[in-house]
Amino acid sequence: MRTTRYGALAMAAAAALALSACGGGGGEEGAEEGGGEAAAESVRIGIKFDQPGLGFDEGGSYSGFDVDVAKYVAGELGYSEDQIEWVEAPSANRENLLSNEQVDMIFATYSITDTRKETVDFAGPYFIAGQDLLVPVDSDITGPEDLDGRNLCSVTGSTSAQRVKDEYAEGVNLIEQPGYAECVSLMSGGQIDAVTTDDIILAGLAAQEANQGQFKVVGNPFSEEKYGVGLTKGSELCSDINAAIEKMIEEGAWEEALANNLEGVDYEPNAELNPPTPDDCA
């Protein structure tokens with residue numbers, strides 16, 4: 001199995017730490033020698049830059065649940081936060097970023113699918129989302145079946161709104177926008193009745209300070225999306241990442257990260273599926 005750049009960096013870091021631990025006399029000199037090589041390395045992690053509550057670029061600082069999980073995993077693998085190089089990973093570019101080895105791993109609402117497994121590997125999942133609806137707090141919409149004759153918004157290129165029309169509400173009016181923020185803006189003005197995508201993405205939108213108290217996630221998910229950690233094909237990191245995810249959950253840091261990033265919105269992830277148990281590595 002091919003060793004990735006990240007695996008080589010991790011081994012170098014481990015070797016440096018081992019030298020520090022075994023060096024005669026320990027002391028400051030041993031610590032400096034042990035930490036020098038690891039401190040010079042970095043890890044490149046792909047995230048979304050435009051999803052509040054998940055992966056969001058706040059002028060050079062990064063926030064969100066995906067970001068917090070990535071930081072925890074990187075820390076368990078021997079990397080401090082200042083050794084992380086954050087790389088924007090839009091949905092359409094994720095496979096290319098991994099295949100071209102422009103990133104070492106991706107945490108970007110990256111659903112694990114059999115088709116994607118043909119070109120990339122996955123660790124996790126670290127969260128299981130489901131397609132849902134975001135509606136005004138006083139809305140009587142309780143699920144996709146209630147959308148006949150109403151206006152439903154999603155982003156250009158997404159299949160989620162079309163799925164509602166095909167499977168639940170043939171008479172729904174579909175409206176496309178460049179981003180979910182534009183959908184929410186239209187809903188604020190009363191021009192649409194609901195927005196659809198994964199529930200945690202909707203919760204992140206509702207948790208934004210400007211939107212708090214205005215919208216709610218219906219809480220009736222109608223799909224299952226397993227968010228995994230994207231890795232280059234042949235990566236040897238899967239087991240270590242899964243162990244880090246399990247430790248994050250056991251310590252309560254996973255639940256804390258979710259609560260901190262979705263504060264102010266009435267949202268609970270599917271308790272039957274979350275927190276998830278990572279899949280076995282192939």
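**Exercise 1.** In this predicted model, is the crossing in which helix 3 passes helix 10 left-handed or right-handed? Determine also how the two helices are oriented and which residues bring them together.

*Solution.* Helix 3 passes helix 10 in a right-handed crossing. For the orientation, take the axes of helix 3 (residues 65–76) and helix 10 (residues 253–261), which come within 9 Å and cross at roughly 150°. Since angles over 145 degrees count as roughly antiparallel, helix 3 is therefore roughly antiparallel to helix 10. On the side of helix 3 the contact is made by Phe 65, Asp 68 and Tyr 72, and these meet Ala 253, Trp 254, Ala 257, Leu 258 and Asn 261 of helix 10.

**Exercise 2.** Work out the order of the strands in the open sheet of 3 strands, and find which strands stand at its edges.

*Solution.* The order is 2-3-4, with antiparallel pairing. Strand 2 (50–51) and strand 4 (62–63) each have a single partner strand and so stand at the edges, which leaves one side of each without a neighbour in the sheet. Between strand 2 and strand 3 (residues 55–57) the antiparallel pairing runs over 2 bridges, and Gln 51 is found opposite Gly 55 of strand 3.

**Exercise 3.** Decide whether Thr 109 is buried or exposed, and list its contacts.

*Solution.* Thr 109 belongs to the loop between strand 6 (105–106) and helix 5 (114–117). Its relative accessible area is 8%, and because buried means under 20%, Thr 109 is buried. Leaving aside residues up to four places away in sequence, Thr 109 touches Lys 48, Gln 51, Leu 54, Asp 66, Arg 94, Tyr 126, Ile 201 and Tyr 227.

Technical notes
Residues are numbered from 1 along each chain as its sequence is written. This is a predicted model: local features need pLDDT of at least 70, side-chain atom pairs count only at pLDDT 80 or more; totals for chains, interfaces and linings use all residues. Side-chain values use heavy atoms; hydrogens and water are left out. Two strands pair if DSSP finds at least two bridges between them. Helices (H or I, at least four residues) and strands (E, at least two) are DSSP runs, numbered from the N terminus. Buried means under 20% relative accessible area, exposed over 50%, partly exposed in between (1.4 Å probe, protein chains only). Contact means heavy atoms within 4.5 Å. Axes are lines fitted to C-alpha atoms, for helices over the stretch in contact, and angles run from 0 to 180 degrees between N-to-C directions. Angles under 35 degrees count as roughly parallel, over 145 as roughly antiparallel, 65 to 115 as roughly perpendicular and the rest as oblique. A crossing is left-handed if the near helix is turned anticlockwise from the far one by less than a right angle, and right-handed if clockwise.
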